[in-house]
Amino acid sequence: MKKILFITALLLSVCFVKAQNVQMHYDFGRSLYDKDLGSRPLITTTVEMFKPDKWGSTYFFIDMDYKNDGIASAYWEISRELRFWEPPFSVHVEYNGGVLNVASLKNAYLFGGTYSYNSKDYSKGFTFTPMYKYIQKYNTPHNYQLTATWYLHFAKNGLCTFSGFADWWREKKCIRKPYFP
């Protein structure tokens, strides 16, 4: 319990730094499903940041899952939109990776293009990004991913925000049959 309180205090202190979003999630799935989910972590924290600049924008997030004995897994994504011309199109580069207990997740490198729309007052917008996805040390490394993001600021002066994303990807599984000559 002390570890959770310490981590919560540490994450709350990050809230005072501009442009970060810190979240703590509790897994209620254990009480909703009949399956034995005892091995699944109860708490996940997410730290994310989006920062635009004159050449595009940078976005990252880090998810960490916690068990009683500490961090069970960590996963992160970092992406960069590059644009040396007027919107709405930009070049997208991205890295995804992480660690589950002792085993590492496969590193994934993505490259593609993004179409962005923002209203004149930036109260709403969306992006669509088709990407080539290379998964390092995977038996079928050449794949693809489509990502869409959206946001809508509403209430007085954007007091509330509805935002989200959707990813759709293919990772072709290679099933090898034994060969007997």
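1. A quick word on naming before we start: helices (H or I, at least four residues) and strands (E, at least two) are DSSP runs, numbered from the N terminus. By that scheme, Trp 85 sits in the loop that links strand S4 (70-82) to strand S5 (89-100). Please keep in mind that everything below rests on a predicted model.

2. Let me begin with the overall layout. The protein chain has two helices and ten strands, and read from the N terminus their order is α-β-α-β-β-β-β-β-β-β-β-β. Of its 181 residues, 27% count as buried. Among contacts with a separation of 6 or more, 32% are between residues 24 or more positions apart. The chain exposes about 13400 Å² of accessible surface, and carbon and sulfur atoms own 65% of that area.

3. Which residues make up the largest nonpolar core? There are five: Ala 108, Leu 110, Met 131, Ile 135 and Tyr 138. Strands S7 and S8 are the elements that give two or more residues to this core.

4. Beyond its neighbours within four places in sequence, Leu 110 touches His 92, Val 93, Glu 94, Asn 96, Met 131, Tyr 132, Lys 133 and Gln 145. Asn 96 is 14 residues away along the chain, and its C-alpha atom is 8.2 Å from that of Leu 110.

5. With neighbours within four places in sequence left aside, Tyr 138 is in contact with Lys 106, Asn 143, Glu 171, Lys 172 and Lys 173.

6. Strands S7, S8 and S9 each supply at least two of the patch residues, and S9 gives the most, with three. Back to Trp 85: its relative accessible area is 42%, which means it is partly exposed, between the 20% and 50% limits.

7. Tyr 122 lies in the loop between strand S7 (108-118) and strand S8 (124-135), and Tyr 122 is exposed because its relative accessible area, 53%, is over 50%.

8. Lys 137 is found in the loop between S8 and strand S9 (142-154), and with a relative accessible area of 70% it is exposed.

9. Finally, is Ser 123 buried or exposed? At 18% relative accessibility, this residue of the loop between S7 and S8 counts as buried, because the limit is 20%. The side chains of Ser 123 and Asp 121 are joined by a polar contact of 2.8 Å. Apart from neighbours within four places in sequence, Ser 123 contacts Tyr 151, Leu 152 and His 153.

Note on methods:
Residues numbered from 1 in each chain as written. Predicted model: local features only at pLDDT ≥ 70, side-chain atom pairs only at ≥ 80, totals over all residues. Heavy atoms only, no water. Buried < 20%, exposed > 50% of the residue type's maximum accessible area, 1.4 Å probe, protein only. Core = buried A, V, L, I, M, F, W, Y, C linked by side-chain atoms within 4.5 Å. Contact = heavy atoms within 4.5 Å. Polar contact = N/O pair within 3.5 Å; in protein donor to acceptor, adjacent residues only side chain to side chain. Areas by Shrake-Rupley, 256 points an atom, 1.4 Å probe, with all protein chains shown as cover.
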